[in-house]
Amino acid sequence: KSQFNRFLSSGTVYTDLWRAHTVTVLFILTCVLVYVTLLEETPQDTTYNTKRGIVASILVFLCFGVTQAKDGPFTRPHPAYWRFWLCVSVVYELFLIFVLFQTVRDGRQFMKYIDPKLGVALPERDYGGNCLIYDPGNTTDPWHNIWDKMDGFVPAHFLGWYIKTLVIRDWWMCMIISVMFEFLEYSLEHQLPNFSECWWDHWIMDVLVCNGLGIYAGMKTLGWLSMKPYQWQGLWNIPTYKGKIKRMAFQFTPYSWVKFEWKPASNLRRWLAVLGIIFMFLLAELNTFYLKFVLWMPPEHYLVLLRLVFFVNVGGVAMREIYDFMDDPKFYRKLGQQAWLVAAITVTEFLIVVKYDPRTIMLPIPFFVTQCWFLGIVLILSWTLWRFFIRNNDKKVYELESFWSLLLPVPCRRALVTLNILIHLLN
């Protein structure tokens with residue numbers, strides 16, 4: 001009923017397209033199962049039947065979820081679209097749990113059931129080596145080092161950061177995550193050769209060109225979306241064909257716009273939440289490379305691409321649910337379902353990496369890298385203590401001194417203020 005009123009108030013005609021069609025889906029699903037049971041002969045192939053049964057089970061669950069699952073914060077282009085990706089999240093998490101509970105050998109060989117080409121160890125490509133931007137020793141093409149780095153990951157970096165900017169909706173957070181990931185690549189190149197890149201590949205091609213342009217384009221798109229009027233008119237109430245086509249195209253834009261104001265320095269809760277978001281983003285990025293490494297998947301494999309498409313679709317919903325939960329905890333008393341699943345998936349992926357190749361994960365980090373990270377953690381902790389504890393105490397001390405200065409002599413005022421600070425710190 002609430003969704004019905006929402007669509008009527010937005011000028012959208014509430015037709016059969018917006019109904020869940022629970023009875024229709026159940027009837028079609030039953031007819032398919034009756035056909036398979038009574039009219040189709042089951043092949044005498046155990047492997048084929050196992051694959052077919054798993055796929056059929058997943059499809060039945062998706063049918064149930066798309067028609068029965070709870071709606072999330074997004075309704076465009078259709079609520080069923082987001083319910084579908086919520087159910088895909090459940091299926092993916094169950095798949096990861098299954099892989100986690102296998103032995104390393106069985107888990108890698110299990111990937112052959114998805115693609116027979118998998119299950120074979122692959123060499124990691126090293127992007128380092130000759131780091132000369134202009135190589136005078138190569139008379140044929142002195143710029144060959146740059147052209148060698150121009151692979152499919154260049155447009156992927158740009159598109160990826162364009163979408164991440166639309167998800168995070170904050171320039172500072174995007175730049176921090178972008179720069180931090182390059183530091184992670186520096187720190188972990190002794191574990192994965194894929195992280196070994198030239199300095200100009202890190203900071204010029206990645207941070208400035210690909211990531212920077214993607215973030216810039218994303219911020220421009222966010223500016224347009226925030227300025228765009230959100231007054232919807234029903235398709236059948238638009239008189240011209242041009243107007244109808246434009247309205248159909250705008251169906252793929254947000255129903256309304258919420259500007260994310262993270263304000264990490266406003267209070268300790270928001271500060272810790274922003275740190276947690278950055279940490280989970282970086283962990284999900286690392287999982288992309290480490291999962292390929294431990295499960296023996298080439299970078300161009302379609303499963304790698306499907307995982308990225310999956311996170312593109314669920315990331316926006318998860319971030320909106322996290323923002324709502326952080327911004328208005330009195331109204332949103334629990335973390336959203338999509339955000340919960342994305343967090344569980346990210347952690348499960350990392351646990352698979354730890355279990356399948358602990359030797360690589362436990363390779364000792366170079367001493368100078370450890371010093372840099374230790375210094376960074378100390379700076380963050382120091383700023384946190386100063387901003388949310390010491391600075392607040394200074395304000396309270398000033399207020400107490402102003403009050404007691406009217407009543408007591410200086411030694412007594414100082415003693416009472418010091419006692420108050422000690423009690424506050426102990427509490």
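Predicted model: local features only at pLDDT ≥ 70, side-chain atom pairs only at ≥ 80, totals over all residues.
Is Glu-261 buried, partly exposed or exposed? With a relative accessible area of 38%, Glu-261 is partly exposed.

## Salt bridges

The structure contains eight salt bridges. One of them joins the side chains of Lys-164 and Glu-285, with an N to O distance of 2.0 Å. Lys-164 belongs to helix α7 (residues 153-168) and Glu-285 to helix α11 (residues 268-295), so this pair ties together parts that are 121 residues apart in sequence. Lys-164 and Glu-285 are both buried.

Another salt bridge links Asp-324 to Arg-320, whose closest N and O atoms are 3.1 Å apart. Both residues are located in helix α12 (residues 302-327), where a spacing of four residues corresponds to about one turn of the helix. Asp-324 is buried at a relative accessible area of 10%. Arg-320 has 15% relative accessibility and therefore also counts as buried, since the limit for that class is under 20%.

## The loop between α10 and α11

Glu-261, the residue of the opening question, meets Lys-263 in a salt bridge between their side chains, at 3.6 Å from N to O. Lys-263 is placed in the loop between α10 (241-250) and α11. The backbone of Lys-263 has a positive phi of about 45°, although this residue is not a glycine.

## The loop between α11 and α12

A positive phi also occurs at Trp-296, a residue other than glycine, with a value near 60°. Trp-296 is situated in the loop between α11 and α12. Its relative accessibility is 22%, so Trp-296 counts as partly exposed.

## Helix α12 and Ala-273

Ile-322 is a further residue of helix α12. At 24% relative accessibility, Ile-322 counts as partly exposed. Its C-alpha atom is separated by 8.8 Å from that of Ala-273, a residue 49 positions away along the chain.

## The second largest cavity

Three cavities of 30 Å³ or more are counted in the model. The second largest cavity holds about 80 Å³ of space. Its lining is formed by Lys-70, Asp-71, Gly-72, Trp-82, Arg-83, Trp-85, Leu-86, Asn-313, Val-317, Glu-321, Gln-337 and Gln-338.

Which helices each supply at least two residues of this lining? They are α4 (79-100), α12 and α13 (337-356). The largest share, four residues, comes from α4.

## A nonpolar surface patch

Phe-27, Ile-28, Val-32, Val-34, Tyr-35, Val-36, Leu-38 and Leu-39 make a nonpolar surface patch of about 820 Å². Among them, Tyr-35 is found in helix α2 (residues 22-38).

Notes:
Residues numbered from 1 in each chain as written. Heavy atoms only, no water. Patch = residues over 30% accessible without salt bridge, like charges linked within 9 Å, V, L, I, M, F, W, Y side chains within 5 Å. Areas by Shrake-Rupley, 256 points an atom, 1.4 Å probe, with all protein chains shown as cover. Salt bridge = Lys/Arg side-chain N within 4 Å of Asp/Glu carboxyl O. Buried < 20%, exposed > 50% of the residue type's maximum accessible area, 1.4 Å probe, protein only. 1 Å grid on protein atoms, 1.4 Å probe; cavity = no way out; pocket = protein on both sides within 12 Å on 5 of 7 lines; lining within 4 Å. Points joined across faces, edges and corners; volume = space filled by probe spheres on them.
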